[in-house]
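I opened the file to take notes on how the chains are built and how they meet. The entries are in the order in which I looked things up.

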Amino acid sequence: MSATFLGTPAFPTAARAALADTQLRRNLAHATGTIRAKRAAVVGEVDEWERLRLAGAALKDRTLRHLDTYLVQLEESLTRAGATVHWARDAAEANRIVVDIARVHGTDEVVKVKSMATAEIGLNEALEAAGIHAWETDLAELIVQLGEDLPSHILVPAIHRNRSEVREIFLREMGRHGKAAPRDLTDTPAELAAAARAHLREKFLRAKVAVSGANFAVAETGTLAVVESEGNGRMCLTLPEVLVSVVGIEKLVPTWADLDVFLQLLPRSSTGERMNPYTSMWTGVTPGDGPQEVHVVLLDNGRTDVLADEVGRQALRCIRCSACLNVCPVYERTGGHSYGSVYPGPIGAILTPMLRGVGHDTQLDSLPYASSLCGACFEVCPVRIDIPEVLVHLRTKVVDAHRGEPKVQNLAMKAASWALSDARRTAAAEKVSGAVGRVLRGTKRRAPGGRGVLGALPGPAAAWSDARDVPVPAPESFRAWWARTDGGRRGNGGAK
Amino acid sequence: MSARDEILGRVRTALRDVPGTETPADVAVDRPEPRPTTHEDVELFAERVADYKATVVRCTPEDLPTHLAAALEGVPRLLAPADLPEDLRPADAILDEQLTTAELDTVDGVLTTAALGIAETGTIVLDHGPGQGRRAATLVPDRHVCVVRTDQVVADVAAAVARLEPTRPLTWISGPSATSDIELDRVEGVHGPRTLIVLLVG
């Protein structure tokens with residue numbers, strides 16, 4: 001189990017298929033456009049937004065630079081509050097812990113609050129393999145689960161589906177897993193939401209065990225927080241007798257007072273609201289109120305590898321708001337599935353390869369290139385993750401990992417290095433290029449500005465020229481021009 | 001080695017670049033101060049709660065009973081926390097003495113007080129103390145009527161966090177339950193109460 005969807009091809013191939021899907025592009029353009037406008041409006045209301053961002057980044061840095069101290073403190077606080085703390089090195093260990101807890105309680109089902117960590121470790125599949133149904137209760141997760149589909153956005157996993165597709169999935173699938181959708185269901189979002197309410201209520205009322213993640217875990221007090229909209233989170237966190245929360249070790253904040261900064265940053269960045277409808281906070285077990293058996297699984301699964309990378313470490317500040325997805329010109333056009341991971345978009349392009357390691361998988365190695373480096377993601381990030389910086393850093397790592405391999409690009413670079421390291425060889429190469437330039441100067445294709453460009457190149461160069469304009473070489477090199485005109489002092493100083 | 005020790009070991013190895021003498025306080029954090037509460041915040045609170053399509057009713061202690069009766073109209077089975085102040089409690093309310101989840105599902109509405117209100121975000125916070133009921137009580141019924149006193153309104157999130165006790169379970173409520181999961185089109189009313197009525201007294 002991993003953060004990557006099995007069998008997804010490298011980003012350029014997956015993106016090509018997504019780009020051809022006009023329905024998908026329409027759905028995405030509509031959804032990301034809507035959320036961008038909402039975010040901009042509520043962020044604009046906060047005078048000290050930049051100061052808040054800086055505070056959010058600094059608090060996360062403080063936590064990460066002293067993570068061992070805070071993890072031990074969190075464990076003590078949780079234990080004191082009556083929770084049981086488990087540690088999981090990787091996905092398999094975390095899944096085993098949750099399966100074992102469900103088995104001890106003799107249940108064949110759990111209800112789940114939307115959680116990126118449990119999606120990352122493939123918990124639902126592990127539970128199914130153990131004969132335990134995992135019911136996703138977030139509306140978008142329900143759409144993805146019933147449609148046997150993959151999530152494509154951090155906040156709105158079914159963003160690639162429009163209302164009529166959702167209606168079809170509900171009509172076809174709900175009855176197979178519980179209460180069926182009404183037969184006269186229309187595609188208005190209000191009716192679709194009502195169908196989900198009716199379908200899930202029986203599951204909430206009977207479930208014995210719930211599984212959640214956490215948006216924040218306060219080391220000082222042992223308080224966990226889940227931020228949501230629909231009330232499915234409150235149902236899961238309140239009604240079952242047993243609650244298991246899978247929490248990535250980067251979710252910590254040092255003190256209770258620090259939560260204030262994040263509760264301002266997250267909703268405005270995420271759903272574009274001043275505050276999300278519901279936030280639940282709980283500290284271990286409260287007698288007579290909510291689950292009386294509370295487990296917390298602290299998950300590594302590659303996070304310590306990210307922590308060890310001094311440039312990449314900042315990715316662990318991420319609070320999973322998904323603002324970077326919504327502004328990304330690449331995400332908006334290719335959608336989340338192209339990234340082949342539960343973490344799509346700009347943050348996924350850095351987080352996924354770091355969690356899993358670069359240099360051993362073509363798909364993972366393609367992700368740091370899934371960007372134009374325009375920097376919009378950094379601009380909106382509420383915890384100021386410099387995603388372009390990390391993308392470039394990871395590209396270096398990818399190149400270093402493949403140095404010396406007999407690839408066309410490496411051969412071309414070697415040839416260039418040979419030609420350019422000697423004046424005579426450079427001059428000879430310039431002669432050839434000038435001759436080619438003179439032959440092709442009449443080319444009809446023009447780049448903006450008027451320079452002639454070539455279409456697709458033949459042979460192995462086709463992969464490079466596929467998405468780029470190749471300029472027609474200049475008819476005369478700068479060095480040849482200088483020699484002919486003595487630096488412009490002699491004869492016709494103009495270009496040939 | 002236990003998973004705990006191994007993970008803590010990996011964390012320490014990963015942080016080799018952090019000087020051993022550095023303390024958490026050495027990582028400077030500059031954050032905005034909480035804004036002092038003014039009486040304009042009561043108005044702001046009312047506006048912002050209403051923005052979420054909740055119903056807000058401003059009233060005085062004297063006319064509260066009238067507004068309360070109106071808010072509870074169409075709620076044949078009303079749930080009230082057993083420790084709800086008697087002057088608020090309608091005579092026919094069902095007291096929540098650890099009803100089962102199935103029983104909770106048969107009531108139509110619930111009446112509670114709150115711990116505080118946040119003006120800037122239009123948020124009501126329950127710390128599930130006296131009069132506020134346990135968490136499930138304000139979740140399963142379809143209508144939540146919440147009485148907030150004007151002196152409970154604070155300016156912003158920072159002020160709220162400073163006042164709250166983290167060891168208590170907390171529920172922050174900003175409007176009725178909602179979703180934007182279909183085409184990011186906001187719809188009020190999913191699993192939590194589909195109607196939220198706030199009676200702002202004072």
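**Conventions.** I am working with a predicted model, in which local features need pLDDT of at least 70, side-chain atom pairs count only at pLDDT 80 or more, and totals for chains, interfaces and linings use all residues. Residues are numbered from 1 along each chain as its sequence is written, and chains are lettered from A and ligands numbered from 1 in the order in which they are written.

**Chain A, overall.** I counted secondary structure from DSSP runs, numbered from the N terminus: helices are H or I of at least four residues, strands are E of at least two. Chain A has 23 helices and 12 strands. Its C-alpha trace spans about 95 × 55 × 45 Å along the principal axes. I call a residue buried if 20 or more other C-beta atoms lie within 10 Å of its own, exposed if 12 or fewer, and partly exposed in between, with C-beta atoms placed from the backbone. Of the 496 residues in chain A, 50% are buried. Two residues are in contact if their C-beta atoms, placed from the backbone, lie within 7 Å. Among contacts in chain A with a separation of 6 or more, 74% are between residues 24 or more positions apart.

**Domains and records.** I looked up the domain bounds, which come from an automatic or database domain assignment. Chain A is assigned domain 1 (11-304) and domain 2 (408-485), and their centres, taken over C-alpha atoms, are 52 Å apart. UniProt, in an unreviewed entry, places "domain: LUD" at residues 73-299 of chain A. I note that UniProt positions are given in the numbering used here, feature names are shortened, and annotations may be inferred rather than shown by experiment. Over residues 73-299 of chain A I read 41% helix and 21% strand, with the end C-alpha atoms 16 Å apart. For chain B, UniProt lists "domain: LUD" (unreviewed entry) at residues 100-201. That stretch of chain B is 11% helix and 35% strand, and its end C-alpha atoms are 32 Å apart.

**Interface.** I find 77 residues of chain A in contact with 61 residues of chain B. On the chain A side, helix 3 (residues 49-65) gives the most, with 9 residues. By class, that side has 40 nonpolar, 20 polar and 17 charged residues; Ala, Val, Leu, Ile, Met, Phe, Trp, Tyr, Cys and Pro count as nonpolar, Asp, Glu, Lys and Arg as charged, and the others, Gly among them, as polar.

Two strands pair if DSSP finds at least two bridges between them. I traced an open sheet of 8 strands with mixed pairing, in the order 8(A)-5(A)-6(A)-9(A)-9(B)-6(B)-5(B)-8(B). Its edge strands are strand 8 (252-253) of chain A and strand 8 (153-154) of chain B, each pairing on one side only.

Strands 5 and 6 of chain A form a hairpin with 4 residues between them, and A:Gly222 in the turn has a positive phi of about 80°.

Strand 6 and strand 9 of chain A are antiparallel over 6 bridges, and A:Ala225 has A:Met281 as its bridge partner. Which strand of chain B runs antiparallel to strand 9 (residues 278-283) of chain A? Strand 9 (residues 170-173) of chain B does, over 4 bridges, and there A:Met281 is partnered by B:Leu170.

**Strand 6 of chain A.** All 6 of the 6 residues of strand 6 (residues 223-228) are buried, so the strand is largely enclosed by the rest of the structure. A:Thr223, A:Ala225 and A:Val227 point one way, and A:Leu224, A:Val226 and A:Glu228 the other.

**Core.** I take a nonpolar core as a set of buried Ala, Val, Leu, Ile, Met, Phe, Trp, Tyr and Cys residues joined through C-beta atoms within 7 Å. The largest has 194 residues, and A:Val297, A:Cys324, A:Ile350 and B:Val198 touch the most other members. Beyond its neighbours within four places in sequence, A:Val297 is in contact with residues including A:His86, A:Ile97 and A:Val244.

**Two glutamates.** A:Glu310 lies in the loop between helix 13 (303-308) and helix 14 (323-327) of chain A. Is A:Glu310 buried or partly exposed? A:Glu310 is partly exposed because 13 other C-beta atoms lie within 10 Å. B:Glu103 lies in helix 4 (residues 101-104) of chain B and is partly exposed, with 13 other C-beta atoms within 10 Å.
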